[in-house]
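Me: I would like to learn how to read strand pairing and helix packing in a model. Can we take the strands to begin with?

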Amino acid sequence: MAVITGTNWTAYDGATMTAREIYGRTLAHLAETNDKIVGMTADLEKTTAIKFFADKYPERFYNVGIAEQNMMGIAAGLAKAGLIPFVSTMAIFATMRAGEQVRTDIAYQNLPVKIIATHAGISFGHAGTTHHCTEDFAIMRAIPNMTVICPADGIETSRAVQACIDIPGPVYVRIGRGFEPPCYESPDYEYEIGKAITMREGTDFTIICCGIAVLQAMNAAKTLAENDGLSVRVINMHTIKPIDREAIVKAVMDTRRILTIEEHNIYGGLGDAVGSVIAESGKGCIFRKHGMQDIFSEIGYAEDLYAYYGFDANGIVDKVREMMGLEFEEDESWEDE
Amino acid sequence: MALTAEEKRKYAQIAKELRMTIIDVMLWSGGAHVGGSLSIVEILTMLYFKHLNIDPKDPDNEDRDRFILSKGHAAAGYIPALAKRGYFPEEELKSFNHFRSPFAMHPDSKKIIGCDASAGSLGHGLSMAVGLGLAAKQLKKDWKTVCLMGDGECCEGSIWEAAMSAAHFKLGNVIGIVDRNKFMIDGTTEQVMALEPFADKWRSFGWKVLDIDGNDLDAVDEALTEAWKATDVPTLILANTIKGKGVSFMENKVMYHYASADSAICEQAKEEIMKGGE
């Protein structure tokens, strides 16, 4: 197994390991030098891969059984005593089953609990809709004090897990099931929570995306450059909240066409966060939100679902072409106002 | 060791004053959860004036004992107790519920000095107490965490998740107290959602249960003394109390779960409290 060395930490090969495995190993590594880190799960230590931490630091690890509400409350108590709990379960249970504990026990008291939620979006498609989670951005964004992060792949998950320790309050990091292809080849890149990453420059069009969509958008941009002669900017908006307003307004001014892509309902997530910034900027922009169109997902393996819902490169190319055909509308009544 | 006659007089006086302040708060705030605040006066008195290792001059001391009012709606009893213990002037209680006051119907740990946990949504406190208990164990500290719950609150499933985990993790440093005043908003606990056999439920979850008269200073003192000695089994003090204790027309009255009252009624209540026990 190849070991990738970052600036001051060690992660593992993004090509052969799932995001959650990289998370578990990163956490175990960080815990070597930070004795405040504690780990928690609700009977999902293998599934969320926090096991890598648990095996190394059993005295700092608490498995509470299948009781997510209790887990979030306990995490709040641990944080009150000065510890930094990393709490892992599936996104659906972290944000909804224990939603009020997250809001009231953790966020209201602004405690440094780090929620690393796995199996988000439709990444666990074949588990059925009870285990999908396309509402978590909306829920977590609406909670004051909460930082919301969606890494593009395993390597970025490692960066996020490391960076979130420095955030004094609660952080929600949403990752998938972990079998998604990697986006980054190396962890040696500038990563700052709240600061978007321009993955590819472009002047005709901007795709603002997060999670699994980043790699697909890069592939789509390549196709659009080769076949359509389009210059497409791809922005990895890994932090949904606080959103990088500057990067969005710059994209409006530079390209005037923006598509957001997220593995989430189009209501309340990345698209709405970006749309708000565009609307508040007062600048003209052709804007569309690509995501789950307020529906629960079909059942299937993730890659089939991604293709079905157009989250793959082909689907994204189609969306961009459609938007390139749109014109800014003349608004004749404007002068009368 | 039982309380001496002098100690008992001292704590009874504190309890009496706390009850009168609760009535004041009901007037100042425009309404309060008076019934469930009056029922826990002896518990708060013995905790804050004898058993909890705390220092109002050093409220964030890492080695202090922690207290979580899981039945957060009894803030009208809890916050005046903090004031009487010296965390902030009692005069400030007059702002209760008003614009930008630190004090509301439910306590906020970010706004109230000496308040260890925000609470009010029922069923949350015991999990936080378990977290604090685990932390103390992990950090090799010997401070205790006391969590005061309501009996109606124990309808919440999360209480039992927490109860199960406290026993599983062998948290002798967590002390649960249930204010068994036998009422909830819509009636008696046994009418709305039966809790009995209540002590057996806690026992079967692995807790040591001390079934006591929660309005008796001696009994509360004795139970807390015993709970403080626990090593690896969590203790549950089942404090049988009277809702609205100390004011005849409020005792065991559903309408005094949450109530407002004019100054005449408040004066009458305070007069009764003043004469009480004489």
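Reply: Two strands count as paired if DSSP finds at least two bridges between them. Strands (E, at least two residues) and helices (H or I, at least four) are DSSP runs, numbered from the N terminus. This is a predicted model, in which local features need pLDDT of at least 70, side-chain atom pairs count only at pLDDT 80 or more, and totals for chains, interfaces and linings use all residues. Residues are numbered from 1 along each chain as its sequence is written, and chains are lettered from A and ligands numbered from 1 in the order written. In chain B, β2 (residues 145-150) and β3 (residues 174-180) run parallel and are joined by six bridges. Leu148(B) stands opposite Ile177(B) in β3(B).

Me: In what order do the five strands of the open sheet in chain B lie?

Reply: The order is β1-β2-β3-β7-β6, with parallel pairing. β1 (66-69) and β6 (208-213) of chain B are at the edges with a single partner strand each, so one side of each has no neighbour in the sheet.

Me: How are two packed helices described?

Reply: By the angle between their axes and the distance between the axes. Axes are lines fitted to C-alpha atoms, for helices over the stretch in contact, and angles run from 0 to 180 degrees between N-to-C directions. Here the axes of α3 (residues 68-80) of chain A and α5 (residues 125-138) of chain B come within 6 Å and cross at roughly 50°.
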